[in-house]
Amino acid sequence: LHDGTAARLLTAKETGRVVAEVRRSAAESVAVCLLHAVARPAHERALGRALSALGIPVTLSHQLSPTI
C-alpha cells in the first residue's frame, strides 16, 4: 500500500522461489524493486539477504533512491 504496509507478506516459501528462479536464470546481477519499499524496506532487505547467497551483485531500490 502507499504507506508501505504490505498487502501480502513475504513468506520464506516465496523468498525461496525467487532465489531458485534467479539461480536457474544464471543472472549475473539482480535488482530488487518493490513498490513503496522506501516507506518500509523490510521485504527488499529480506530478498536482498537471500539473493546475496547466490554470490552475485544485488541492488535494492530503496538504497539506490531513498526518496519518495
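Q: What share of the contacts in the protein with a separation of 6 or more comes from residues 24 or more positions apart?
A: The model is a predicted one. Contacts are counted here when the separation is 6 or more, and the share asked for belongs to residues 24 or more positions apart. That share is 70%.

Q: In what pattern do the helices and strands follow one another along the sequence?
A: The protein has 3 helices and 2 strands. Read along the sequence, they give the pattern α-β-α-β-α.

Q: Which residues make up the largest nonpolar core?
A: This core has 8 residues in all. Val19, one of the core residues, touches Ala50, Leu51 and Leu54, leaving aside residues up to four places away in sequence.

Q: How far from Glu44 is the nearest side chain of opposite charge?
A: Glu44 lies in helix α2 (residues 42-52) and is buried. A salt bridge needs a side-chain nitrogen of Lys or Arg within 4 Å of a carboxyl oxygen, and Glu44 has none. The nearest side chain of opposite charge is that of Arg45, at 7.7 Å.

Q: Which residue's side chain is joined to that of Glu44 by a polar contact of 2.7 Å?
A: Not counting residues up to four places away in sequence, Glu44 touches Val32, Cys33, Leu34, Ala37, Leu60, Ser61 and His62. Among these is the partner in the 2.7 Å polar contact between side chains, namely His62.

Definitions and conventions:
Residues are numbered from 1 along each chain as its sequence is written. This is a predicted model: local features need pLDDT of at least 70, side-chain atom pairs count only at pLDDT 80 or more; totals for chains, interfaces and linings use all residues. Side-chain values use heavy atoms; hydrogens and water are left out. Helices (H or I, at least four residues) and strands (E, at least two) are DSSP runs, numbered from the N terminus. Contact means heavy atoms within 4.5 Å. Buried means under 20% relative accessible area, exposed over 50%, partly exposed in between (1.4 Å probe, protein chains only). Lys and Arg count as positive and Asp and Glu as negative; His and the chain ends are not counted. A polar contact is a pair of N or O atoms within 3.5 Å; within protein, one must be able to donate a hydrogen and the other to accept it, and residues adjacent in sequence count only if both atoms are side-chain atoms. A nonpolar core is a set of buried Ala, Val, Leu, Ile, Met, Phe, Trp, Tyr and Cys residues joined through side-chain atoms within 4.5 Å.
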